[in-house]
Amino acid sequence: MKTIDDLDVAGRRVLVRADLNVPLDGTTITDDGRIRASLPTLRALAERGARVVVTAHLGRPKGEPDAAYSLAPVAARLGELLGRPVAFATDTVGESARATVAALGDGDVALLENVRFNAAETSKDAAERGAFADELASLADLYVGDGFGAVHREHASVYDVARRLPHAAGYLIAAELDVLKRLTENVERPYAVVLGGSKVSDKLGVIDNLLGKADRILIGGGMAYTFLAAQGREVGTSLLEKDQLDTVRAYLRRAEENGVEFVLPVDVVAAAAFAADAEHDVVSADAIPADRMGLDIGPDSGKLFAGKLTDARTVFWNGPMGVFEMEPYAGGTRAVAHALVDSDAFTVVGGGDSAAAVRTLGFDENAFGHISTGGGASLEYLEGKTLPGLDALEG
């Protein structure tokens, strides 16, 4: 796969598909990690004299303009971080976009409005998507794919434009791909995987694939209660996917047959309601009260999980251990993050929620081997799926 180092970009219009899908509180960016991750590619292109045109999405608008999902705050923050003005087009392929791109000089940077304000961006109709890709491609001479968080989507700006222009991968995608290869090819062992988040169903494919690759799989977060229930334990009002119980039981059997160690919580923080100020206690995972919900793994589980990571040489973590946004239920996620920081392993934090958690809880990002910008993309790669955005860049 070519990278931007293989392109002659001076004086040329370069359309960069970035991942700038940051969380907003109104118009305030609450975590600019994805913007910062895009800087090396954008800075390198600008410094080499490219006329940089950035396209990206934010949230899930319904194929039409919605002020709540405007990239205007992102353009302002991107300019601050780059230390140079970033022109902002108020549409994606319309009059504003064309005028903004036409006004660029060598080394200038512009950001187009949310690409998902155009329904054709995410259309399942290849012709409709292709027509929109033609419009996007007309704004540029070259294409750079660098939005790793979207490469698992067959969207116009991710897949179709790359098939219309000379193309290469940006530094972020190249780095993410190198990391994923370290998690799938010649893995240094023991290889431990920590999975959390709310639903088992979100991670069925990756669990299925990792049962033949990982040495240990640690399960926390809301998904843990489906595993506990599959073992016949009472989980109270905790999140439970009853339709996945048979699948989970089959995973537990396969893990035992394959010699993969499955580690589940031994205690949980059980609360009377989903609220920071709700009455809550630490209880055994065997004794969750019928009227309580588990909102975090307990302190003994945190110690157990940390102990299981001590001798690991490779660790992949995707998904928080509890509702870390509420301090009473942040202990499990904090314990896992500490264990990764203290580890001598190659550690990968995969996914938006996990990445946000380590930043929210005050950890130094440089203390981890790699913090991925794309949870869904990472998981699908680990499932062994073909990712359209990467496939297009390979072509």
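Glu185 sits in the loop between α6 (171–184) and β9 (191–195); helices here are DSSP runs of H or I with at least four residues, strands are E runs of at least two, and both are numbered from the N terminus. With a relative accessible area of 44%, Glu185 counts as partly exposed, because that class lies between buried (under 20% relative accessible area) and exposed (over 50%), using a 1.4 Å probe and protein chains only. From Glu185 to Lys213 there are 28 residues in sequence and 9.9 Å in space, C-alpha to C-alpha.

A word on where this comes from. The model is predicted, with local features needing pLDDT of at least 70 and side-chain atom pairs counting only at pLDDT 80 or more, while totals for chains, interfaces and linings use all residues. Residues are numbered from 1 along each chain as its sequence is written, and side-chain values use heavy atoms, leaving out hydrogens and water.

Now for the whole protein. It has 14 helices and 17 strands. The C-alpha trace spans about 65 × 45 × 40 Å along its principal axes, and 57% of the 395 residues count as buried.

Next, the open sheet: six strands in the order β5-β6-β4-β1-β7-β8, with parallel pairing. Pairing takes at least two DSSP bridges between two strands. At the edges are β5 (86–88) and β8 (167–169), each pairing on one side only. Inside the sheet, β4 includes Val54, whose bridge partner in β6 is Leu111.

Then there's β12 (residues 267–271), where five of five residues are buried. In a regular strand, side chains alternate between the two faces of the sheet. For β12 both faces are covered: Asp267, Val269 and Ala271 are buried on one side, Val268 and Ala270 on the other. Val269 stands opposite Val282 in β13, and Ala270 has Gly294 in β14 as its bridge partner.

| Strand pair | Sense | Bridges |
|---|---|---|
| β4 (residues 51–55) and β6 (residues 109–111) | parallel | three |
| β12 and β13 (residues 280–284) | antiparallel | five |
| β12 and β14 (residues 293–297) | antiparallel | four |
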